[in-house]
Amino acid sequence: MVNVLEHCRIAPPPGSVDDSSLPLTFFDIPWLNFPFLKLLFFYESSHSKAYFVETIIPRLKHSLSLTLKLFFPLSGNLIFPTDGSTPEIRYMDGDSVSLVFAECSSDFDHLSGNHQRHDTVFHSLAVQISSTSTKFGPLVVPILAIQVTKFPDAGICIGFTLHHAAGDANAFFRFVRSWASINKMGGETELRIELPFYDRTVVRDPIGLHSAYWNHYGKMKNEVYHYQPSTDHVRAGFILCRADVQGLKRRVMSEQVSTFAVICGYTWSCIIKAQVTSGEHFGENELQHFAFTADCRALSDPPIPAAYFGNCTMGVIVTTKSKHLIQEDGFTVAAKLIGEAIQERVQKNKEGILKGMQKWLQDSKSLNRTRMVSVAGFPRLNVYNMDFGLGRAKKREQLIRESVTFFTLNGSKDNVEDFEVGLHLPKAKMDAFLEIFNNGLKAHSSL
């Protein structure tokens with residue numbers, strides 16, 4: 001059970017940021033109707049409730065205000081004009097972020113473990129965002145809301161609710177890392193933080209991708225999607241150590257297949273096998289899809305600054321028949337397909353990122369999304385290295401609606417050579433996945 005202690009709004013310091021707006025690029029438009037991202041970071045902390053209220057809360061408020069001065073679009077709103085033109089991100093003096101402080105009686109160690117945990121409690125640890133509009137006015141959608149929840153004598157969870165159209169993982173984690181650093185070290189740290197880069201003109205569009213994307217995604221109904229937690233779903237984490245990954249790589253026997261491709265291919269094939277084992281039916285020739293994104297900042301011509309704030313990723317889809325994934329060595333097929341896609345669409349893409357974005361739009365129109373698995377997260381972002389003065393995060397979770405099958409892939413918090421896979425499935429499928437995943441690792445490590 002969650003009990004709200006305080007609900008406030010935090011803005012950048014008065015007069016520190018001018019009114020401004022950011023147009024959406026073709027990188028942003030596909031995320032307009034995507035459900036809000038909900039990200040949870042669990043930190044161990046034995047501080048008393050009095051210390052939480054008297055020290056931690058005021059410090060978090062102050063440091064968030066300083067951080068929002070640098071990342072001011074997150075204080076603003078996504079504005080959908082009434083004339084049907086492309087939405088924009090708009091910040092006006094006085095705009096602010098909803099910040100909730102709460103306490104929860106649930107077991108912190110249980111929620112922040114890797115074992116199977118029911119999904120329902122997690123959704124109470126992040127704020128629900130609601131849009132506002134008048135009869136004749138534009139639809140106004142807040143971009144960010146935050147909830148900080150204390151668990152008795154055990155830990156703290158910082159939950160973020162974010163509209164994906166505002167930025168990708170690179171942009172968002174720069175914000176979180178900056179807030180954590182300012183909160184831990186004090187306001188003087190603000191001077192040493194790399195400033196976000198907001199100039200949208202660096203995103204070039206010579207082939208009209210903005211119009212093509214808006215013509216497709218702009219026809220969809222603009223509404224705020226909320227997660228409806230299911231009592232049937234559980235989430236679990238799985239650690240792949242360096243020996244596990246090397247064993248899988250030996251099985252694939254291809255120099256072109258990266259660690260990312262091997263882990264994703266193995267997890268994808270285990271999910272499909274678990275679906276079959278748990279009683280789900282689909283034809284052996286039915287197509288299965290796997291989707292991932294690639295950061296385009298360094299890949300663009302000319303390169304886009306690493307600190308660019310916004311979305312700057314290209315989607316890549318890999319497709320194969322069910323029978324190829326459910327066979328004993330199905331993961332080798334999956335890993336090679338993902339590896340080939342990385343080579344052709346990302347690393348050796350002679351036609352460039354723009355053609356890749358054009359192909360993503362074409363591919364996504366014909367997808368059977370009930371047969372798609374996707375991955376979220378980038379191991380190199382080091383998501384556990386976000387220290388608010390409480391040490392490294394113990395656990396990170398990402399919430400998503402049940403109709404989507406996805407897993408997260410991050411670097412391990414304990415060892416730089418290990419990886420963490422996070423999964424969210426119905427209980428029966430998770431049980432099947434657990435057995436298939438662990439037995440497969442044992443078999444491949446013995447080769």
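Predicted model: local features only at pLDDT ≥ 70, side-chain atom pairs only at ≥ 80, totals over all residues.
Good morning. About 1200 Å³ of space lies in the largest pocket.

How many residues line the largest pocket? The lining comprises 48 residues, and those nearest the pocket's centre are Trp31, Phe34, Trp360, Arg369 and Ser374. The element that gives the most to this lining is strand 14, residues 372-376, with five residues. By class, the lining of the largest pocket holds 28 nonpolar, 14 polar and six charged residues.

The second largest pocket contains about 410 Å³ of space. Its lining is made up of 20 residues, with Phe260, Thr293, Ile342, Phe378 and Arg380 nearest the centre. Which element supplies the largest share of this lining? That is helix 8, with five residues. Helix 6, strand 12 (287-295) and helix 8 (330-347) each supply at least two lining residues. In terms of class, the lining of the second largest pocket divides into 10 nonpolar, eight polar and two charged residues.

Is Ala274 buried or exposed? Ala274 counts as buried because its relative accessibility is 0%, and the cut-off for buried is under 20%. Setting aside neighbours within four places in sequence, Ala274 is in contact with Lys429, Ala432, Phe433 and Ile436. For one of these residues, Phe433, the separation from Ala274 is 159 residues in sequence, while the C-alpha to C-alpha distance is 4.9 Å.

I turn now to the packing of two helices. Two packed helices are described by the angle between their axes and the distance between the axes. For helix 5, residues 242-252, and helix 10, residues 427-445, the angle is about 70° and the axes are 8 Å apart. Helix 5 is therefore roughly perpendicular to helix 10, since angles of 65 to 115 degrees fall in that class.

Which residues meet in this contact? From helix 5 come Asp244, Gly247, Leu248, Arg250 and Arg251, and they meet Leu441, His444 and Ser445 of helix 10. The residues of this contact comprise two nonpolar, three polar and three charged.

To close, I return to the pockets: the lining of the largest pocket has 28 nonpolar residues, and that of the second largest pocket has 10. Thank you for your attention.

How values were computed. Residues numbered from 1 in each chain as written. Heavy atoms only, no water. Buried < 20%, exposed > 50% of the residue type's maximum accessible area, 1.4 Å probe, protein only. Contact = heavy atoms within 4.5 Å. Axes fitted to C-alpha atoms, helices over the stretch in contact; angles between N-to-C directions. Helix = DSSP H or I, 4+ residues; strand = E, 2+ residues; numbered from the N terminus. Parallel < 35°, antiparallel > 145°, perpendicular 65-115°, else oblique. Nonpolar A, V, L, I, M, F, W, Y, C, P; charged D, E, K, R; others polar. 1 Å grid on protein atoms, 1.4 Å probe; cavity = no way out; pocket = protein on both sides within 12 Å on 5 of 7 lines; lining within 4 Å. Points joined across faces, edges and corners; volume = space filled by probe spheres on them.
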